[in-house]
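Visitor: I am new to this structure. Could you give me a close look at one part of it, and then walk me on to its surroundings?

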Amino acid sequence: MQNFSLPIHSNVRHNVEVALYKDPGLAASLLRLHFHDCFVMGCDASVLLDSVEGMQSEKEAGPNLNSLRGFEVIDKIKYLLEEECPVTVSCADILAMAARDAVELRGGPGWDVWLGRKDSLMSSFSGANQFIPAPNSSLEVLIDNFKQHGLEIEDMVALSGSHTIGRARCLSFRQRIYEPKQEYHYGYDRYKRYTTFRRILQSICPVSGRDNKFAPLDFETPKRFDNHYFINILEGKGLLGSDNVLTSQDFDGTITKQVWAYASNQKVFFASFAKSMIKMGNINVLTGNEGEIRRNCRFVNA
């Protein structure tokens, strides 16, 4: 892994900034692209490949279909970099830089992104269906999933904080509303915060239909990358079931302490998030002759 000159980083940042000016919601989308890429075979830009004969794209897998976006932003950055320095910066590196810039431009932390990743020669439709955590996952499943990728519980909690921006479809949180279990909220709902929040969600997402209706993952500060996600969880107001289980299924209290720490101190969360993003961005990286630098992120080189 290496660090290229500043112009490459500034080129990516400029184009991300322009994209977010037009559509602030793309910040969460670019971060999610990087996450969904790294959790399937590693950070190798396999998520960007389109379907071709004999290979089905990860874009068509359940967690990604009609959900992932931001591909055009990556395409534009890649085109401009190829014009300036052909076959030098991989699509996997662009994903890593774009995710970092998207977070920072929405008020979050920055971190060093070392370059030198190679792009994969294939995608994994089955892997995308298997390894990307479901929105109704139990805490045990989440821990096992992150562990498979070399990430500790502390990384899982910190990276869950990415849900401070973005939104989710009704299909992803309907179960959390209409099958209200203890694990979907935290503690005793003395002030009826959870009950009130559930009624708001029910107005957005009925028992059936409107599957593609969206709700923000963080109702309080949906467009700002901050620590409010963790405050929401402590109040039983995480949008997804997999958000709330961080505290409700944490029977020994270790994760809850971490959630409290992040809710109480944004600087602590930012430092942990940056550290865990660097770690995630190095999952099963291809180097040397293991992959290639694609000329077009949607297709392997001819």
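**A charged pair and what lies beyond**

Guide: Let us start with Arg117 and Asp93, whose side chains meet in a salt bridge of 2.7 Å, N to O (a side-chain nitrogen of Lys or Arg within 4 Å of a carboxyl oxygen of Asp or Glu). This pair links distant parts of the chain, 24 residues apart: Arg117 is in the loop between helix 4 (91-105) and helix 5 (125-131), while Asp93 is in helix 4 itself.

Before going on, two notes on what you see. This is a predicted model, so local features need pLDDT of at least 70 and side-chain atom pairs count only at pLDDT 80 or more, while totals for chains, interfaces and linings use all residues. Residues are numbered from 1 along each chain as its sequence is written, and side-chain values use heavy atoms, with hydrogens and water left out.

Back to our pair: are its members buried or exposed? Arg117 is buried, at 4% relative accessible area, and Asp93 is buried as well, at 1%. (Buried means under 20% relative accessible area, exposed over 50%, and partly exposed in between, with a 1.4 Å probe and protein chains only.)

The whole structure holds 14 salt bridges. One of them joins the side chains of Asp50 and Arg298, at 3.5 Å from N to O. Here the pair spans 248 residues, from Asp50 in the loop between helix 2 and helix 3 to Arg298 in the segment after helix 13. Asp50 is buried, with a relative accessible area of 18%. Asp50 is also touched by Phe299, as are Leu49, Val52 and Arg294, leaving aside residues up to four places away in sequence (a touch, or contact, means heavy atoms within 4.5 Å). Phe299 is found in the segment after helix 13 and counts as partly exposed at 37%. Phe299 and Leu121 are 178 residues apart in sequence, yet their C-alpha atoms are 8.6 Å apart in space.

Glu220 and Lys237 give another salt bridge, with their closest N and O atoms 3.7 Å apart. Because Glu220 lies in the loop between strand 2 and helix 10 and Lys237 in the loop between helix 10 and helix 11, this pair ties together parts that are 17 residues apart in sequence. Glu220 is partly exposed at 44%, whereas Lys237 is buried at 16%. There is also a network of salt bridges linking Arg13, Arg100, Asp101 and Glu104.

Now step back to the domains. The protein is divided into domain 1 (6-132) and domain 2 (139-276), with bounds from an automatic or database domain assignment. The C-alpha centres of domain 1 and domain 2 lie 24 Å apart, and the contact takes 18 residues from domain 1 and 15 residues from domain 2. About 1400 Å² is buried between them, 67% of it from carbon and sulfur atoms (buried area is the accessible area, by a 1.4 Å probe, that two parts lose on being put together, summed over both). Phe39, Arg106 and Pro109 supply 36% of what domain 1 buries against domain 2, more than any other three residues. How many salt bridges cross this interface? The rule finds zero.

Our last stop is the aromatic rings. Rings of Phe, Tyr and Trp (its six-membered ring) pair if their centres lie within 6.5 Å; planes under 30 degrees apart are stacked, over 60 edge-to-face, and the rest tilted. By this rule there are 14 aromatic pairs. Tyr229 and Phe230 have ring centres 5.0 Å apart and planes at 80°, so they are edge-to-face. Phe230 also pairs edge-to-face with Phe269, at 5.0 Å between centres and 70° between planes. Trp111, Phe225, Tyr229, Phe230, Tyr262, Phe269, Phe270 and Phe273 form one aromatic cluster. Six of the eight residues of helix 7 (residues 153-160) are buried, including Met156 and Leu159.

Technical notes: Helices (H or I, at least four residues) and strands (E, at least two) are DSSP runs, numbered from the N terminus.
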